[in-house]
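Dear colleague,

My notes on it follow.

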Amino acid sequence: MPGDKRPRITADEEARMAELETQLFRGEEDVAAELLSTGDPQQLPVYQDCEPTEEARAPAWHDPQDASLRVNVADVSRARKLRQRNGEKVLDGAAYSERLRAQHAKLNPRVGWARRGARAEAGPDSETAALLQRSGGLLVKGRALPAGQLEASRMRDANAADPAQGVLRALQYHPNGQLLLTASLDKRLRFFAVDGDACPLVQSLFLEDLPVHAAAFAAGGRKVLATGRRKYFYVADLESATMERIPRLFGTQDRSLEGFVASAGPGSQVVAFLGDDGTLPLMSLATRQLVGTLKMNGSARSGAFSSDGMELYTSGGDGAVYIWDLRQRSCRARFVDEGSLRGTSLALSPDDSLLAAGSSSGVVNVYGREQILGDSSDPVLPPSAAAADVAAAFPRDAARPPPRHSALNLTTTIDSLAFSPDGQVLAMASRMKRDALRLLHVPSGTVFSNWPTSRSPLGYVHCLDFSPGGGSLAIGNAKGRVVLYRLHHYPQA
């Protein structure tokens with residue numbers, strides 16, 4: 001080419017360059033041949049030569065400017081947690097880097113299997129035993145959660161893609177953990193995909209004549225029920241992508257069906273509505289018809305189904321908790337919740353072994369199943385029994401079991417209760433006071449002292465739920481936001 005003054009490469013130089021490339025990078029055919037011949041990548045020289053020992057590891061590069069770097073950790077709010085004493089202000093580059101590494105190790109502790117030499121030290125038998133002990137929900141319940149301190153970090157709001165324009169009245173994770181349902185007074189049901197980061201909006205359903213006061217998954221997550229202060233309600237079928245408006249529930253006189261509890265079991269399609277006069281209409285989602293009615297004293301304010309959908313727990317205006325056998329449509333037991341004047345919320349642990357009861361006074365009691373169902377000689381009443389018959393069969397002074405644990409940390413009405421999937425954490429909240437949320441360590445009966453803090457932006461909490469893996473806690477507030485926190489004890493979000 002005219003004017004090209006670049007030096008030309010001779011044939012010997014090209015051959016030398018090709019030889020160097022082969023020695024440095026090696027051809028694909030050579031690597032494949034060695035893999036097929038040895039069958040073990042650990043026996044290849046390239047792995048043996050590059051494997052550093054634990055003692056020989058050293059930093060690959062030093063920044064000479066670290067010695068002259070000065071960082072004021074007192075002026076930056078995010079860096080104040082790196083201080084070891086109150087009067088500390090300026091750190092040099094080396095100390096600042098060391099503090100950052102220590103903070104990262106504190107929030108993300110290194111697991112044993114990632115340490116070099118752990119496999120050789122443990123041996124094959126120990127490795128198998130460790131695997132069986134730490135396989136989570138597949139084989140065992142999981143690791144025990146220590147009391148006192150809880151490691152939690154805030155994540156992006158779960159509904160940041162489409163925040164509600166009104167008070168968030170209900171939220172719930174789908175049983176498969178891949179979908180989050182939110183319902184608010186802006187007449188919308190929103191479904192968000194749970195991916196651990198952005199949580200994009202999947203679908204938004206507008207109910208033009210129903211400000212939603214309650215919504216929940218039902219029938220194993222195949223359907224969604226939405227109610228409000230109306231005598232009609234909506235049922236959404238997720239499999240067929242249809243929405244049905246139920247004009248009224250025939251056989252009842254209630255003008256408002258805002259309160260209900262749905263069975264989450266895949267084999268149960270029963271929904272129990274909470275009536276002001278103590279009636280509990282039972283509806284089948286399959287037929288949209290009334291299949292039975294239960295009657296308790298006072299007004300019905302809260303309820304919870306057992307995991308199999310065969311038992312229903314309710315509480316209300318008389319301060320007592322009723323246990324109903326839905327197979328016989330009868331009251332199996334009744335006991336008075338200690339310190340309760342009016343029951344406002346109930347929650348069952350996933351294995352049905354624990355019952356949490358919240359009241360209008362802010363007291364939360366945790367009972368064991370053997371405490372409330374220990375006497376098999378309790379009378380069983382038919383569903384047609386009147387309130388007077390229920391009171392005579394279960395007098396107020398007859399059943400007052402002492403709770404296993406009592407939490408007195410909140411002073412206003414308990415509106416929300418939820419157990420973590422492993423039953424080790426109980427979340428309790430009240431919407432009557434700002435930031436009124438506490439987490440109870442169930443095995444010890446103590447409240448975690450380090451979270452939430454005074455800076456946790458909870459607001460007025462109206463609803464909450466744990467993810468099926470237990471690693472995420474979603475909190476819905478009066479501003480229409482779903483504040484999301486990651487609980488680091490649980491490996492699965």
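Is Asp-352 buried or exposed? Asp-352 is buried, with a relative accessible area of 14% (buried means under 20% relative accessible area, exposed over 50%, partly exposed in between, with a 1.4 Å probe and protein chains only).

This is a predicted model, in which local features need pLDDT of at least 70 and side-chain atom pairs count only at pLDDT 80 or more, while totals for chains, interfaces and linings use all residues. Residues are numbered from 1 along each chain as its sequence is written, and side-chain values use heavy atoms, with hydrogens and water left out.

Most residues other than glycine have a negative phi, and most peptide bonds are trans. Asp-352, however, has a positive phi of about 65° and is found in the loop between β20 (343–348) and β21 (354–359); strands are DSSP runs (E, at least two residues), numbered from the N terminus. Lys-187 also has a positive phi, near 70°, and lies in the loop between β5 (179–184) and β6 (188–193). At 27% relative accessibility, Lys-187 is partly exposed. The peptide bond from Trp-451 to Pro-452 is cis, with omega near 0°.

Regarding the strands, β16 (residues 300–305) has five of its six residues buried. Five bridges join β16 to β17 (residues 311–316) in the antiparallel sense; two strands pair if DSSP finds at least two bridges between them. Ala-304 stands opposite Tyr-313 in β17. Five residues lie between the strands of this hairpin, where Gly-309 takes a positive phi near 75°.

Note on methods
Helix = DSSP H or I, 4+ residues; strand = E, 2+ residues; numbered from the N terminus.
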